[in-house]
Amino acid sequence: MIKKILVANRGEIAIRVMRSCREMGIKSVAVFSEADRTSMHVRFADEAYFIGPSPSNESYLVIDKIIDVAKRSGADAIHPGYGFLSENAEFTERCKEEGIIFIGPSAHAINTMGDKITARKKMQKASVPVVPGTTEPITDLDDAVETIKKIGLPVMVKASAGGGGKGMRLVTEEKNIRSSVNAAKSEAKASFGDDAVYIEKYIDSPHHIEFQVLCDNHGNAIHLFERECSVQRRHQKVVEETPSPIMTDKVRMEMGAHAVAAAKAVNYSGAGTIEFIVDDDLNYYFLEMNTRLQVEHPITERVVGVDLVKEQIKIANNLPLDLKQEDLFQNGHAIEVRIYAEDPDNNFMPNPGKIKHITEPLGLGVRHDGYVYEGYEIPMHYDPMISKLICWAPTRNEAIDRMKRALYAYKITGVKTSIPFLHRIMDVPAFKEGKYNTHFIQDNSKYLDSTKEPKQKVKDVACIAAFVDYLNKYESTNGKSTESSQSLKPWKQYGRKISINRL
Ligand code: ADP
């Protein structure tokens, strides 16, 4: 049985994994770069090892360094978290060679699902619906034009090695086909070192809905229902919720069964996510599989009542799943928002810096997975996500109200954060009604764009002007305004004194 786990990650996810380790009586080992000397995950672990300079390609991404720490610390397993080495087949293989358990799927599953063209072929074979399009890489531009004309515009040109929304182009007009294919190819080459691209029909009014799966090494596989992730900015998730407001029981069961079939098709082991794109009529198509724990996993944990990290560790220990599909159900509603150190009023520019003050939200139904503290300097080298706020309530409306309450209570100074933007999302009518798709943010800019509402400073100046005007009138009547100070009740007089002092 696993006794010590090296967490090959940093920030909130490293801490989240270590929490489950502690509950299971498993020792945890942290690794940290130069920029992360003062990071919370280093303090949280039972042991911590320095692995070099701040850039991740000189520390968190260097397989040799991670393996070396695993050996020196006597860790018998490695949990990769998400990002960094979590979907790196070479790393998985290396762990195997060194006799260290990799908490995740096999290199075969990672490779098959990591290449979107290969995955599409595999899914077609397993009778899982895929988005109509090509199953071979586009090599010739003339062929691309012909193929796209046959599929019919609009289409998505997508990088086979894609991830994080990179190497993807929407093509709506014939004249843009060549330039879009070229642009997707060069972005794919630059980001992934592989310029293979393919074509998918563009799904109108798209919803991104994904299914959590768990598979053991004994042929058991289950799904833990869906997560609705359609609130996106530049193809990146901003808010996630479960259950999906558009889902029906019938489609949920069908999609769940397809998700399980998709995972089984690659002999999957551990926790994974099958992403689907869904239209307004609930036609659904396989998009891709993420062969790791997702950022948004806590909403599933809350609604289904399962600790996914513990399940990952049990599966890595070769234990059979003790969860049965028929025993699982969704209890209530959970929403997660991602808090970033970025300025929503300045085109979401990353805003790393020192946290001067932080008050984390607490209370019934609130989970906060973070890692920053007062005085902590957010490094510029990594993803600027500070934390995830997860709110649960028996109903969706109550979960939204609870999220608003928690966001209101969440105070961070020193760096700009996405909190005000997330707050505005909760108030958008389409979100409240659960009627939204991946165009939500662009379609609702009138509610979300802060420049379209009076800024707080402007409101403050208006207040001051009104107050000065009031004082002037008061003086011009020699203190005999319509409301003399003598006639004011003591509390009102006190209140005005305070207002004057504040001014
Ligand atoms: P990545 O791996 O880069 O995240 P995905 O294939 O998961 O790329 O797609 C990311 C997002 O792009 C989806 O959630 C969806 O919003 C949009 N998208 C991708 N493919 C399509 C499509 N065929 N039609 C409409 N939207 C799409």
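## Positive phi at S127

In this predicted model, S127 is placed in the loop between α6 (116-125) and α7. The phi angle of S127 is near 60 degrees, a positive value in a residue that is not glycine.

Is S127 buried or exposed? S127 has a relative accessible area of 56%. Because exposed means a relative accessible area over 50%, S127 counts as exposed.

## Positive phi at H235

H235 also belongs to a loop, the one between β10 (221-233) and β11. With phi near 65 degrees, H235 is a residue other than glycine that takes a positive value.

The relative accessible area of H235 is 44%.

## Cis peptide bond at P154

The loop between α7 (141-151) and β6 (155-159) contains P154. The peptide bond joining L153 and P154 is cis, and its omega is about 0 degrees.

## Cis peptide bond at P243

Which residue is joined to P243 by a cis peptide bond? The bond runs from T242 to P243, and its omega is near -5 degrees. P243 is located in the loop between β11 (236-242) and α9 (249-265).

## Summary of the sites

Positive phi values occur at S127 and at H235. Cis peptide bonds lead from L153 to P154 and from T242 to P243.

Key:
Residues are numbered from 1 along each chain as its sequence is written. This is a predicted model: local features need pLDDT of at least 70, side-chain atom pairs count only at pLDDT 80 or more; totals for chains, interfaces and linings use all residues. Side-chain values use heavy atoms; hydrogens and water are left out. Helices (H or I, at least four residues) and strands (E, at least two) are DSSP runs, numbered from the N terminus. Buried means under 20% relative accessible area, exposed over 50%, partly exposed in between (1.4 Å probe, protein chains only).
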